[in-house]
Amino acid sequence: MTTDFQPPAATPSRLADHTTFGLGGPCDEWREAASTAAVAEVLRDWHDRHLPWHVLGGGSNVLAADEGVPGGVLHLLPGASPIELLPGGGLLCDAGTRLDEAVACGLDAGAMDTAWADLSGIPGTLGGAICGNAGAFGVQLGDFVEQVEVVRPDGRPETWPREALAYGYRTSLLQRMKAVVTRVWLRAPASRVDRPAAQARRAEILALRHEKHPALGPGLPGTAGSFFRNLPPATPGGRRQPAGALLDAVGAKSMREGGAYVFAHHANILMAGPGATAADVRDLAARLQAAVAARFGVRLVWEVRPWPAPAAQPPAP
Ligand SMILES: Cc1cc2nc3c(=O)[nH]c(=O)nc-3n(C[C@H](O)[C@H](O)[C@H](O)COP(=O)(O)OP(=O)(O)OC[C@H]3O[C@@H](n4cnc5c(N)ncnc54)[C@H](O)[C@@H]3O)c2cc1C
């Protein structure tokens, strides 16, 4: 017998359903919020109950443990009007807005310049990208940030100027201090915007990413993009050395652990195939780190955020 009745979806709490690796066990409480007030309410509640918590955006830079994480996970969603064009140029976005949507909107409106197009196609939300200073092709999101609104763990909203975020390569203060980004003001370029050039650059970047990065989607192997940070430049002012080159040299592409393996087109991208566990990915990462350390005497540092965080994380070079 068929029926039109659909039971309500169970409250999702498996992180595997919300991370692009498709891995991760349960959390104790799953909450969603799409406004500063809603974020503040959740954090105040958890603060009063002394519940540890994590905040999740698009889940595209997280490796959550198979055992899950203790406490709450707050999932940031885009608000009702996620992107506002600011007078004189620039954008005001909810932190739950997809970064790529903000890139497309800024270019379509002629509010952002060609360098902004370089951030095209990076998965995830603005909040996650603010936290990790996401970037590509030598451009990073932090270069465009004017200020952010954050909610502190006790539920207090604050506005932080760009300088307070202590941006570095793929890092910010938010990786060391708990606060939830709720809104982001992005700076307009100083010079006139060449809209056709910016649109052409976006098309070029999207094509490049399509060619070089694994596709994401239901039924496809999971990934979180580049797993390790690139290494500091060999000479002051030089370019960072790609971790992928070192990984290639130690034969990373032929290594696997359980269901975890290295992407055939990019040695710094770890994949979770059918049956993979977060432990497989961790074991593979450890093996790759050991091989690179033995051959080159350098320690690769995770770019992907491990959940829960280890007790003490080594500082990023
Ligand atoms: C195929 C692929 C390609 C990728 N390419 C790139 C690339 O070119 N460049 C690049 O930099 N990254 C890349 N990534 C990694 C990832 O997309 C980025 O790091 C992205 O910015 C993460 O955003 P997110 O919303 O998914 O963050 P999440 O994975 O949800 O979270 C990442 C971290 O940010 C924190 N966080 C999330 N939201 C907030 C918030 N609102 N307030 C405070 N903290 C928050 C989380 O607690 C966590 O520590 C790629 C990933 C994939 C899967």
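In the predicted model, the protein chain is divided into three parts: domain 1 (15-76), domain 2 (83-202) and domain 3 (215-307). The centres of domain 1 and domain 2, taken over C-alpha atoms, are separated by 22 Å. To the contact between them, domain 1 contributes 15 residues and domain 2 contributes 17 residues. On the side of domain 1 that touches domain 2, helix H1 (36-48) and strand S4 (69-76) each supply at least two residues. The greatest contribution to this side comes from H1, with 6 residues. By class, the side of domain 1 that touches domain 2 comprises 7 nonpolar, 7 polar and 1 charged residues.

Strand S2 (residues 53-56) includes Leu56. Because 24 other C-beta atoms lie within 10 Å, against a threshold of 20 or more, Leu56 is classed as buried. Beyond its neighbours within four places in sequence, Leu56 is in contact with His18, Val62, Val73 and His75. A distance of 6.0 Å separates the C-alpha atoms of Leu56 and Leu74, which are 18 residues apart along the chain.

An open sheet of 4 strands is also present, with antiparallel pairing and the order S12-S15-S14-S13. Strand S12 (222-226) and strand S13 (256-257) stand at the edges; each has a single partner strand, so one side of each is left without a neighbour in the sheet. The antiparallel pairing of S12 with strand S15 (residues 269-272) extends over 3 bridges. In S15, Ala272 is the bridge partner of Gly222.

Notes
Residues are numbered from 1 along each chain as its sequence is written. This is a predicted model: local features need pLDDT of at least 70, side-chain atom pairs count only at pLDDT 80 or more; totals for chains, interfaces and linings use all residues. A residue is buried if 20 or more other C-beta atoms lie within 10 Å of its own, exposed if 12 or fewer, and partly exposed in between; C-beta atoms are placed from the backbone. Two residues are in contact if their C-beta atoms, placed from the backbone, lie within 7 Å. Two strands pair if DSSP finds at least two bridges between them. Domain bounds come from an automatic or database domain assignment. Ala, Val, Leu, Ile, Met, Phe, Trp, Tyr, Cys and Pro count as nonpolar, Asp, Glu, Lys and Arg as charged, and the others, Gly among them, as polar.
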